[in-house]
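Dear colleague,

Please find below the structure for your review. A summary of the findings follows it.

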Amino acid sequence: MQHIQQQALSGIRVLDLGEIMQAPVAAQVLGDLGAEVIKVERGVNGDMLRGLDRDSLEAGRPGAYFAAVNRNKRSIALNLKSAEGKDILHQLLAETDVLIHSYRTAAVERLGLTYDDLQERYPRLVYGTATGFGETGPYAHKAGQDMLAQALSGMARSCGDPSISAYVHPVPTVDYASGMALAQGILAALFERERSGRGQKVSVNLFDTALSLQTLESASLLMDRRETNWVTDWYSGIFETTDGLLLVLGLFRENPLQLACKALGIDDLSVQPSFASPQLQAENKEAANAVLRPLIARLSTTGAAELFDGVDLLCAPLLTLQEALDHPQTRHNATLVDVDVEGVRTTRLIGSPVTLSRTPAQVRRGVPAVGEHSDEILHELGVSESRVQILRSKEVIR
């Protein structure tokens with residue numbers, strides 16, 4: 001792993017009390033950019049995400065899901081229900097710039113870790129909180145989860161296929177986007193702190209994020225009372241080739257069907273009345289695609305893509321995730337990075353999607369085991385070895 005002396009967030013300390021994905025993504029973003037991140041975990045098993053990867057557990061390997069969002073962090077396993085555990089947390093907070101958590105309101109109140117509890121004692125603290133539906137309101141008590149946010153926000157009802165009433169996407173897009181939004185807010189708060197000298201609270205939730213992901217669709221509904229669907233409202237098609245599948249899109253083109261016919265060397269279907277406008281091409285695309293489908297089926301995916309690219313019609317092969325990870329553009333972009341997982345092995349994982357020219361994101365630390373750095377962190381706080389052993393025997397730390 002490469003080590004860069006100064007990165008964009010060098011000198012910033014983050015306490016990550018988050019679990020699963022939303023808050024840990026935000027903390028990892030900050031860690032990739034150079035912040036020192038201490039992950040505070042509870043219980044023997046730590047972050048719940050460690051135990052969700054059944055394949056890794058059965059094989060006796062560190063969890064792949066946890067590894068994906070917890071590099072560049074040290075772990076301390078701390079019993080926050082004990083007075084001594086809370087005291088250690090406050091010692092850490094005294095030297096912390098950013099606190100991130102994903103507790104629900106009732107839990108954070110029980111722990112005495114609300115923003116109101118901390119802001120006077122730590123006036124420079126940037127306090128980041130990630131919830132499912134918001135800290136107040138009728139759904140504040142409800143546990144948050146990506147697919148629930150998809151359902152409640154309308155995303156699951158906008159699947160683009162009239163034959164399917166709803167579709168919950170298995171990729172946790174909302175969780176990831178919410179984590180990125182939290183990181184963005186924290187960076188803004190750190191920047192503002194340079195002027196004011198004061199921290200502030202940064203809040204995100206899955207529900208708002210899911211609605212924000214539909215910002216164009218919401219605008220058309222709120223302003224025009226019209227539902228936008230990018231699949232059904234424009235000409236498109238998914239076509240079988242000799243060796244795969246190809247997606248063709250008519251977006252941003254005045255006469256996409258004319259371009260498709262030109263690419264395939266056939267008479268222009270758009271001269272027919274049923275295909276005379278982009279709207280009609282979208283409405284009658286199944287009839288048009290019935291003509292195009294057998295022609296494309298004789299071509300390889302690469303060959304068909306080259307024809308459509310040649311007439312500037314948007315297209316792309318529908319790859320599997322494995323194929324995407326092996327793609328030449330993935331290698332060129334250096335999207336995959338080497339990460340040590342719990343000090344056991346090095347693996348390739350998705351790195352930061354953000355590129356900085358002078359102070360790039362880096363993997364400085366691997367993925368920690370539960371409480372791997374508990375002793376080390378306590379020693380940095382000035383706690384003696386004998387005291388550490390007492391805390392361990394009392395299960396204040398693990």
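**Pockets, sheets and ring pairs**

The lining of the second largest pocket comprises nine nonpolar, eight polar and two charged residues; here Ala, Val, Leu, Ile, Met, Phe, Trp, Tyr, Cys and Pro count as nonpolar, Asp, Glu, Lys and Arg as charged, and the others, Gly among them, as polar. Please note that this is a predicted model, in which local features need pLDDT of at least 70 and side-chain atom pairs count only at pLDDT 80 or more, while totals for chains, interfaces and linings use all residues. Residues are numbered from 1 along each chain as its sequence is written, and side-chain values use heavy atoms, with hydrogens and water left out.

The second largest pocket holds about 630 Å³ of space. Of its 19 lining residues, M155, S158, C159, G160 and H169 are the closest to the centre. A pocket is an open set of points, on a 1 Å grid over the protein atoms alone, with protein on both sides within 12 Å along at least five of seven lines; a cavity is a set where a 1.4 Å probe fits but cannot get out, and lining residues have an atom within 4 Å of a point. Grid points are joined across faces, edges and corners, and a volume is the space filled by probe spheres set on the points.

The whole structure contains one cavity of 30 Å³ or more. The largest cavity has about 40 Å³ of space, and its lining consists of R104, T105, T131, G132, F133, G134, E135, A140 and K142. By class, two of these residues are nonpolar, four polar and three charged.

F133 also takes part in a ring pair. Four aromatic pairs are counted, where rings of Phe, Tyr and Trp (its six-membered ring) pair if their centres lie within 6.5 Å, and planes under 30 degrees apart count as stacked, over 60 as edge-to-face and the rest as tilted. The ring centres of F133 and F207 are 6.4 Å apart and the planes are at 50°, so this pair is tilted. Because F133 lies in the loop between β5 and α7 (146-153) and F207 in helix α9 (residues 206-212), the pair ties together parts that are 74 residues apart in sequence.

Turning to the sheets, helices (H or I, at least four residues) and strands (E, at least two) are DSSP runs, numbered from the N terminus; two strands pair if DSSP finds at least two bridges between them. An open sheet of six strands has the order β3-β2-β1-β4-β5-β6, with parallel pairing. β3 (73-77) and β6 (201-205) each have a single partner strand, so one side of each is left without a neighbour in the sheet. Strands β1 (residues 13-17) and β2 (residues 36-41) are joined by four bridges, and L15 stands opposite I38 in β2. Helix α4 (residues 83-93) packs on this sheet, touching β1, β2, β3 and β4 (contact means heavy atoms within 4.5 Å).

A further open sheet has three strands in the order β7-β8-β9, paired antiparallel. Its edge strands are β7 (236-240) and β9 (314-317). Four bridges connect β8 (residues 245-249) with β9, and L249 has L314 as its bridge partner in β9.

Yours sincerely

Methods. Axes are lines fitted to C-alpha atoms, for helices over the stretch in contact, and angles run from 0 to 180 degrees between N-to-C directions.
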